[in-house]
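Hi there,

Here is the structure I promised to pass on to you. Have a look at it first, and then read on for what turned up in it.

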Amino acid sequence: MAAKTILGDDLGLPRFAVPAPVEGRQVFPFDFSSHKRAGQALKFSLSIGDPGFNVFVLGENRSGRMTATLDYLTSKAATRPAADDWVYLFNFRRPHKPKPYRVARGVGRHLRDRMAGLIPTLRQQLHAAFEDPKYAARLRGAGAKLRERLELAYAELEEQARKEGLKIQRSEQGVGIIAIDAEGNPRPWETLSPEEQQKLTTSAHDIGERMRTIGADAQKAEQQAGGVVMDIRREIADGIIDGPMMQLESEFAHHAGLRRWLIELREDILEHLDQIMAEVPAGHRDQALERYSVNLIVDNTDNPFMPVVLEPNPTFQRLFGAIEYRAVSGALETDFRMIRGGALHRANGGILVLRAEAVAREPGVWEALKGAVRDGELRIEEPQRGNMPALVESLAPKAIPLAVKVVLIGAPRWYYTYYSADPNFLDHFKIKADIDPDMDATPENLAVYAQLLRDAAAKHAKGATLEDAAVGYLLGQAARWADARDKLTSKFEMLEDVLAEAGALRPAGNGGVIGVEQIRQALAERRRRNARVEDRSQESIRKKIINIQTDGQALGQVNALTVLDLGDHGFGLPSRISASVYVGRLGVINIERMTEMGGPIQQKGVLIIEGFLNGRFAQRFPLSFAASITFEQNYGGVEGDSASMAETCAIVSALSGLPLRQDVAITGSMDQAGNAQVIGGANFKIEGFFRACRDRGLTGRQGVIVPQSNERNLTLRDEVVDAVRAGQFHIWSVATVDQAIAQFTGTPVGEADAQGNYPADTVYGRVMARLTGFDRILTERMAHRA
């Protein structure tokens, strides 16, 4: 059976029937069959409230794993109730441990605004009340009673002293007691008899004791007066704050925990009247206003649905919150107002979306995230505190109950990195949402794709419309990027990029329409931008720096095909393989392996070749030959088995003495029975050899041989397809390496008879003759030695 010639219609981009646009239809990437598995996993995860059922969404780059997931989560969140607000308030009992309070959506902002207006209002009303004449009159009335009682006690004491012949005398030096006569005149002490002196001394002592008692009573009275004044102030202040506090309680006391805090607030205000009434100079901190302010760390007022929070930079502080500090006299201080919430706070009661690679690069974040999700508590910690200057004060905010669904998003390698590195990974992320890299080109997928492309044109190209022909071409490109004619790549964002570039290339005055020419131009421009390395490599071939023949014949030499992937650009190049055979028993010698430039898969391919050769030619005697093979002018290493058919052709050519066509290149793996096997990068490889031939001049005989199983992968660029249709270039497919050898040599390979002999005029007949000769030489040499 000869190699199959593939016609141009089976080589270019597949032509799909373009679905008509549906007015008003809205489609999402999760409508693709490639995304449905992931969509169902996300839906299932959102239906489970148990801890641990968080999600890891994995998909290839540009498959919409982030944008599509966010769109999906946002649409689902729009059907669910909004999350609550969270505030931190001053802890009157333990100021270093601020307390969090959950309040309904929108209430946090209202509470903050009401408290911000409370202190200035109270300050104004208290000043007005305490400056009122009625307040001064009450204070004077309370003092007058105390003074009257003291004056009466002193008058009674003075009268008693007078009756006993004594007088209480006040002076700048203090209070003294002197003896007086009946008219009240002082009596010198020395004129008194000893009996009188004794009597007056005793009386003076008693009066002195009474004076001290009255003095102590006066001090108590002053204290009582102060207490009375405080009671009056408190009574007046209580009356002033009663109205605002009753209003606050009616608005907020039904929220969990706030009733008790409002009761404590009333008492604290009455205990700090001086601080509240203090005049605050401009530029100075208002301690009363700070004490009673509300730190609103989560405000969902403007979010009527369940929150979906994407944190693009999940540092410890941005994820778990932080405590800020201010410098005071060379040290740092803080208070509850300087607590800042993180992404977990904002996502509490909803969904938190994180990039897996971003979490992995932040020290400590992964372990802390697992702990928060596991324990259902969100604590604001400060891992950096040990490296901070001295603190005047520090805080230990109380934890907030946490109920959040965490969605990690990343490439497949990140999923398996987490899985292999952390044995507890599956305990916390039990749901795997896996996006397929491609999808079948079914009518349903084509319809979704077409609508997405039209929507993308309007979005990325400033309202442009997309011609149906352009839609069809882009669908064909999606098949090329899926590397299969019956598939579409799930990396639809790559096509959105093409549309954006094509929109920028629209000629003026075309009415905002993107056609096929703009799509082709955008793809060509992109290839031109990224193809520097490919151009230089082809230049080396064209200038014969790299020795590649594109015409004629050569013995033991074949053009194999390789692929180079630079990330942003992949391309193929021809690579010359040569084989040299000689007498020996070493079999196939892989020079790349001997020089450690060949990988294990490439060496496996060489061993498969040995198995094939032994199966074909060693049924009557062991193979008696040695063959060295190598990739000529290769200095960067080789890996993979896609050149094993090429290597086999080179060895068979060298053994048979039949030259191989140099205007034909080949790619393909094979098994030990000689069956051709599928390889990757077939399009790049064909296009690489086509370019090398085109640059030297197409002869109409050149072409490429590929495995038959790769026919479904062929989606070649237009210039290659046009050359095939014009008969200037050819593509053949083979089911076996035998067909490839026949195509290269123009000679049948032959079929073995019952004794294992091949016809002498066939390729394999020539190989058997050569091997028989090698075996005879070795047998005679061994006999001569004996």
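Helix H19 (residues 532-542) and helix H23 (residues 682-696) have axes that come within 10 Å and cross at roughly 50 degrees. That angle makes H19 oblique to H23, and the crossing of the two is right-handed. On the H19 side, the contact is made by Glu-534, Asp-535, Gln-538, Ile-541 and Arg-542. H23 brings Gly-688, Arg-691, Ala-692, Asp-695 and Arg-696 to the contact. Sorted by class, the residues of this contact are six charged, two polar and two nonpolar. Please keep in mind that this is a predicted model.

Helix H16 covers residues 468-482 and helix H17 covers residues 492-504, and their axes come within 10 Å, crossing at roughly 135 degrees. H16 is therefore oblique to H17, and their crossing is right-handed. Which residues make the contact between H16 and H17? From H16 they are Leu-474, Gln-477, Ala-478 and Trp-481, and from H17 they are Met-494, Leu-495, Val-498 and Leu-499. In this contact, seven residues are nonpolar and one is polar, with no charged residue.

Now for the cores. The largest nonpolar core has 78 residues, and those touching the most other members are Phe-56, Met-115, Leu-265, Ile-269, Leu-344 and Leu-352. Which helix gives the most to this core? Helix H3 (residues 107-130) does, with nine residues.

Is Gln-739 buried or exposed? Gln-739 has a relative accessible area of 7%, so it is buried. Apart from neighbours within four places in sequence, its contacts are Met-1, Ala-2, Ala-3, Ser-733 and Val-734.

Methods
Residues are numbered from 1 along each chain as its sequence is written. This is a predicted model: local features need pLDDT of at least 70, side-chain atom pairs count only at pLDDT 80 or more; totals for chains, interfaces and linings use all residues. Side-chain values use heavy atoms; hydrogens and water are left out. A nonpolar core is a set of buried Ala, Val, Leu, Ile, Met, Phe, Trp, Tyr and Cys residues joined through side-chain atoms within 4.5 Å. Buried means under 20% relative accessible area, exposed over 50%, partly exposed in between (1.4 Å probe, protein chains only). Helices (H or I, at least four residues) and strands (E, at least two) are DSSP runs, numbered from the N terminus. Axes are lines fitted to C-alpha atoms, for helices over the stretch in contact, and angles run from 0 to 180 degrees between N-to-C directions. Angles under 35 degrees count as roughly parallel, over 145 as roughly antiparallel, 65 to 115 as roughly perpendicular and the rest as oblique. A crossing is left-handed if the near helix is turned anticlockwise from the far one by less than a right angle, and right-handed if clockwise. Contact means heavy atoms within 4.5 Å. Ala, Val, Leu, Ile, Met, Phe, Trp, Tyr, Cys and Pro count as nonpolar, Asp, Glu, Lys and Arg as charged, and the others, Gly among them, as polar.
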